[in-house]
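Please read this briefing alongside the sequence and the coordinates.

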Amino acid sequence: MLSIILDALTAGRATERTPGQGTPGTRYQLVAPGALQEAIDICPSRAITVDGPDTAVLDEGRCVACGLCAEGPGAAFRAVPGDLGVSRARADLRRRFSLAGAPAPARAPDHAADDAGRLAEEGTRLAETVRRRLARSLHIRHLDAGGCNGCDWELNQLTSPVYDVQRFGCDFVASPRHADLLLVTGVVTANLELALVRTLDAMPRPRLVLAVGACAISGGIFGTSEASRGGADRVVAVDAYVAGCPPRPWAIIQGIRALLAP
Ligand code: SF4
Ligand code: SF4
């Protein structure tokens with residue numbers, strides 16, 4: 001027993017400090033517009049598109065950070081330090097790059113346009129109410145709608161001593177009846193679609209929905225198919241998004257805090 005106490009005293013504090021703005025993540029920057037077509041062709045999650053003749057779009061809500069578009073000296077993109085890719089608006093995850101002066105690539109299909117603006121009004125209204133009424137306490141129900149569990153591993157870290165999300169007034173609950181926030185990871189599989197809807201229905205109002213990871217935002221590498229509905233906002237209203245595959249634990253915490261920010 002004495003040795004346990006001594007170990008605890010000498011181990012020091014494991015919990016990290018709250019990260020400020022500018023906590024580093026990784027983002028992809030367009031550096032060689034002439035190689036854009038190759039990047040469009042090689043991207044496995046169809047995250048790179050063009051918008052008209054002068055703009056390339058990299059959708060961080062689809063990007064799985066495989067790095068293929070940044071491989072080799074002539075690659076179109078380069079991985080650079082950036083922020084954590086947290087946003088209240090889906091459109092903000094679609095990063096735009098000017099192609100002025102570069103040869104225009106063939107127009108790729110805009111896979112992202114169909115989910116723009118989906119149910120945004122309800123999410124905004126609910127977010128306002130939660131900020132007013134739940135500013136000091138947030139109970140979270142996690143639902144894995146069908147991903148690879150990579151996001152869930154990162155999510156598990158939130159209650160570890162290192163990240164200690166309870167210090168922000170947040171905690172995870174087993175029942176949706178007790179939850180204020182539904183945190184969705186994974187692509188919405190056909191088998192889990194009804195569970196997602198019913199989980200949200202079981203939550204008292206006001207309530208929020210946070211989509212964590214490329215799968216929950218857009219379907220990610222899995223896209224849409226007979227077995228996959230794609231991103232969570234194709235099924236329920238989503239209030240904020242945390243990009244990544246998987247996102248870092250700090251990005252998830254920032255996403256939760258972004259929901260409660262004034
Ligand atoms: S890093 Fe992202 S944008 Fe680049 S190829 Fe991979 S998924 Fe596509
Ligand atoms: S976003 Fe990436 S890590 Fe998360 S469930 Fe999908 S494939 Fe797995």
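This is a predicted model, and its chain averages a pLDDT of 82, with 82% of the residues scoring at least 70. Confidence is highest in strand β9, at 97, and lowest in helix α3 (residues 120-133), where the mean is 49. Over residues 106-127 the pLDDT stays under 50, and for this stretch the model has 35 contacts beyond four places in sequence.

**Overall build**

- The chain holds seven helices and eleven strands, and of its 262 residues 47% count as buried.
- Among the contacts between residues at least 6 apart in sequence, 82% join residues that are at least 24 apart.
- The chain exposes about 12,900 Å², of which carbon and sulfur atoms supply 53%.

- In helix α5, which covers residues 190-202, the buried residues are Leu196, Thr199, Leu200 and Ala202. Viewed down the axis of α5, these buried residues fall within an arc of 155°, so they line one face of the helix.
- The cover over the buried residues of α5 includes β7 (138-144), β9 (181-185) and β10 (208-212).
- On the face of α5 turned away from the buried side, the exposed residues Arg198 and Asp201 are found.

**A nonpolar patch on the surface**

- Met1, Leu2, Ile4, Ile5, Leu6 and Leu9 form a nonpolar patch on the surface, and together they have about 700 Å² of accessible area.
- Leu2, one of the patch residues, lies in helix α1 (residues 2-11). Leu2 counts as exposed because its relative accessible area is 63%, above the cut-off of 50%.

**Salt bridges**

- Side chains of opposite charge can pair when their charged atoms come close. A search of the whole structure finds seven salt bridges, and three of them are described in the points below, among them the pair Arg94 and Asp59.
- The side chains of Arg94 and Asp59 meet in a salt bridge with an N to O distance of 3.7 Å. Arg94 lies in strand β6 (residues 94-98) and Asp59 in strand β3 (residues 55-59), so the pair ties together parts that are 35 residues apart in sequence. Both Arg94 and Asp59 are buried.
- Arg95 forms a salt bridge with Glu60, and the closest N and O atoms are 3.3 Å apart. This pair also links distant parts of the chain, with Arg95 in strand β6 and Glu60 in the loop between β3 and β4 (77-82), 35 residues apart. Arg95 counts as buried at 16% relative accessibility, and Glu60 is buried with a relative accessible area of 9%.
- Arg229 forms a salt bridge with Glu193, the closest N and O atoms being 2.7 Å apart. Arg229 lies in the loop between α6 (214-218) and β11 (240-242), whereas Glu193 lies in helix α5, so the pair ties together parts that are 36 residues apart in sequence. Arg229 is partly exposed, with a relative accessible area of 31%, and Glu193 is likewise partly exposed, at 23%.
- Salt bridges that share partners join Asp59, Arg62, Arg90 and Arg94 into one network.

- Ala39 lies in helix α2 (residues 36-42) and is buried, with a relative accessible area of 3%. Leaving aside residues up to four places away in sequence, Ala39 touches Ile48, Cys69, Ala76 and Phe77.
- Ala39 and Glu71 are 32 residues apart in sequence, while their C-alpha atoms are 9.7 Å apart in space.
- Ile217 is placed in helix α6 and counts as buried at 0% relative accessibility. Beyond residues up to four places away in sequence, Ile217 touches Gly61, Arg90, Leu93, Ala211, Gly231, Asp233, Tyr241, Val242 and Ala243. Arg90, one of these contacts, also belongs to the salt-bridge network with Asp59, Arg62 and Arg94.
- Ile217 and Val188 are 29 residues apart in sequence and 9.6 Å apart in space, C-alpha to C-alpha.

Conventions
Residues are numbered from 1 along each chain as its sequence is written. Chains are lettered from A and ligands numbered from 1 in the order in which they are written. This is a predicted model: local features need pLDDT of at least 70, side-chain atom pairs count only at pLDDT 80 or more; totals for chains, interfaces and linings use all residues. Side-chain values use heavy atoms; hydrogens and water are left out. Helices (H or I, at least four residues) and strands (E, at least two) are DSSP runs, numbered from the N terminus. Buried means under 20% relative accessible area, exposed over 50%, partly exposed in between (1.4 Å probe, protein chains only). Contact means heavy atoms within 4.5 Å. Accessible areas come from the Shrake-Rupley method with a 1.4 Å probe; for residues, only the protein chains shown count as cover. The arc is that of the directions from the helix axis to the C-beta atoms. Patches are made of residues with over 30% relative accessible area and no salt bridge: like charges are joined within 9 Å, nonpolar side chains (Val, Leu, Ile, Met, Phe, Trp, Tyr) within 5 Å. A salt bridge is a side-chain nitrogen of Lys or Arg within 4 Å of a carboxyl oxygen of Asp or Glu. pLDDT is the predictor's confidence in each residue, from 0 to 100.
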